[in-house]
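Colleague: I am new to this model and would like to learn how to read its features. Could you walk me through it?

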Amino acid sequence: MSVGARGQRLIGQTTAKNGLWGKVFVFEEVANRKERDDCWLLISGKVGFQVYDVTQFLEDHPGGDEVLLAASGKDATQDFEDVGHSDDARNMMKKYYIGEVDSTTVPPPNKIKPQTYSVTQKDDEPGFLFKILQFLVPLLILGLAFGFQFLGKKEKTEA
């Protein structure tokens with residue numbers, strides 16, 4: 001492994017992919033380039049991950065520099081694709097291309113664990129006794145209504 005002009009660790013010499021020349025980097029090196037004065041993006045292409053040095057583009061980015069800084073240090077492919085960049089934007093990327101990442105140094109993507117939910121009773125929720133009373137009170141009222149109706153009919157027949 002050799003060291004490049006800016007101190008980057010290189011795996012190979014240079015590569016030519018998609019008509020662009022660049023160097024081969026290890027993932028860790030690209031992941032550490034996430035500062036305002038040194039910002040690289042890692043975007044997956046047809047063959048592997050391409051590296052773009054967008055430091056000079058931070059101020060000119062239509063979405064603001066924070067968008068690029070937030071996408072640096074990780075695989076920014078999904079962030080890039082979600083925006084729906086134009087063909088002009090994709091062509092503009094070529095001038096920021098500096099190389100690719102050796103795929104053997106890229107960590108596997110984090111598998112998203114499904115979020116588990118647990119049901120707990122909150123203190124402000126009615127307790128068990130209150131729930132029973134909610135059921136029994138209407139029955140009691142209904143029973144009393146039928147009772148008074150029955151007593152009312154009985155008194156009319158006696159009179």
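Colleague: Which residues touch the most other members of the largest nonpolar core?

Modeller: A nonpolar core is a set of buried Ala, Val, Leu, Ile, Met, Phe, Trp, Tyr and Cys residues joined through side-chain atoms within 4.5 Å; buried means under 20% relative accessible area, exposed over 50%, partly exposed in between (1.4 Å probe, protein chains only). Here the largest core has 15 residues, and Leu-41, Ile-43, Tyr-52, Val-54 and Leu-68 touch the most other members. Both β5 (38-44) and α2 supply at least two residues each; helices (H or I, at least four residues) and strands (E, at least two) are DSSP runs, numbered from the N terminus. A second, separate core of 9 residues includes Trp-40 and Leu-42.

Modeller: This is a predicted model: local features need pLDDT of at least 70, side-chain atom pairs count only at pLDDT 80 or more, and totals for chains, interfaces and linings use all residues. Residues are numbered from 1 along each chain as its sequence is written, and side-chain values use heavy atoms, leaving out hydrogens and water.

Colleague: How many aromatic pairs does the structure hold?

Modeller: Rings of Phe, Tyr and Trp (its six-membered ring) pair if their centres lie within 6.5 Å; planes under 30 degrees apart count as stacked, over 60 as edge-to-face and the rest as tilted. There are 3 such pairs. One of them, Phe-57 with Tyr-96, is tilted, at 5.3 Å centre to centre and 45° between the planes.
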